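Work through the exercises below with the sequence and the structure at hand. Try each task before reading its solution.

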Amino acid sequence: MTTKAAAVQSFLSGFSIPAYAATSVPEDAEFPYITYYLVDGAFGDAEQAMQVDLWYYGTSEAPANAKVQEISRALGLGGAYLPCDGG
């Protein structure tokens with residue numbers, strides 16, 4: 001059984017850096033990492049938009065921009081379908 005939260009966590013963890021729910025970032029988390037606000041349904045259960053943030057620290061924006069491109073390619077123009085139980 002895959003919950004909606006587990007499906008989102010699995011997808012966002014697939015980009016070679018840790019992913020955390022925005023409310024559950026460990027105090028000892030090291031850069032870079034991803035945070036997200038889980039959105040798992042609404043009236044009518046239509047497509048859902050989520051906020052995902054990248055956290056990098058350094059002297060260049062190049063690594064963060066490359067990761068944005070990687071995630072963008074995975075999402076495509078229509079978003080990503082994440083199979084899970086109940087959704």
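**Exercise 1.** Is Glu70 buried, partly exposed or exposed?

*Solution.* The model is predicted: local features need pLDDT of at least 70, side-chain atom pairs count only at pLDDT 80 or more, and totals for chains, interfaces and linings use all residues. Residues are numbered from 1 along each chain as its sequence is written, and side-chain values use heavy atoms, with hydrogens and water left out.

Step 1. Take the classes: buried means under 20% relative accessible area, exposed means over 50%, and partly exposed lies in between (1.4 Å probe, protein chains only).
Step 2. Glu70 has a relative accessible area of 26%, so Glu70 is partly exposed.

**Exercise 2.** State how many helices and strands the protein has, and their order.

*Solution.* 
Step 1. The protein has two helices and three strands.
Step 2. Along the sequence they follow the pattern α-β-β-β-α.

**Exercise 3.** Which residues of α1 are buried, and what covers them?

*Solution.* 
Step 1. The buried residues of α1 are Ala7, Val8 and Leu12.
Step 2. They cover an arc of only 120° around the axis, so they sit on the same side of α1. The arc is that of the directions from the helix axis to the C-beta atoms.
Step 3. Their cover includes β1 (19-21), β2 and β3.

**Exercise 4.** Describe the surroundings of Thr35.

*Solution.* 
Step 1. Thr35 lies in strand β2.
Step 2. With a relative accessible area of 5%, Thr35 is buried.
Step 3. Contact means heavy atoms within 4.5 Å. Not counting residues up to four places away in sequence, Thr35 touches several residues, among them Tyr20, Val25, Asp53 and Trp55.
Step 4. The side chains of Thr35 and Trp55 make a polar contact (3.0 Å). Such a contact is a pair of N or O atoms within 3.5 Å; within protein, one must be able to donate a hydrogen and the other to accept it, and residues adjacent in sequence count only if both atoms are side-chain atoms.

**Exercise 5.** How far apart are Thr2 and Pro83 in sequence and in space?

*Solution.* 
Step 1. Thr2 is in the segment before α1 (4-12).
Step 2. Thr2 and Pro83 are 81 residues apart in sequence and 8.0 Å apart in space, C-alpha to C-alpha.
Step 3. Leaving aside neighbours within four places in sequence, the contacts of Thr2 include Pro83, Cys84 and Asp85.
Step 4. Thr2 has a relative accessibility of 35%, so Thr2 counts as partly exposed.

Conventions:
Helix = DSSP H or I, 4+ residues; strand = E, 2+ residues; numbered from the N terminus.
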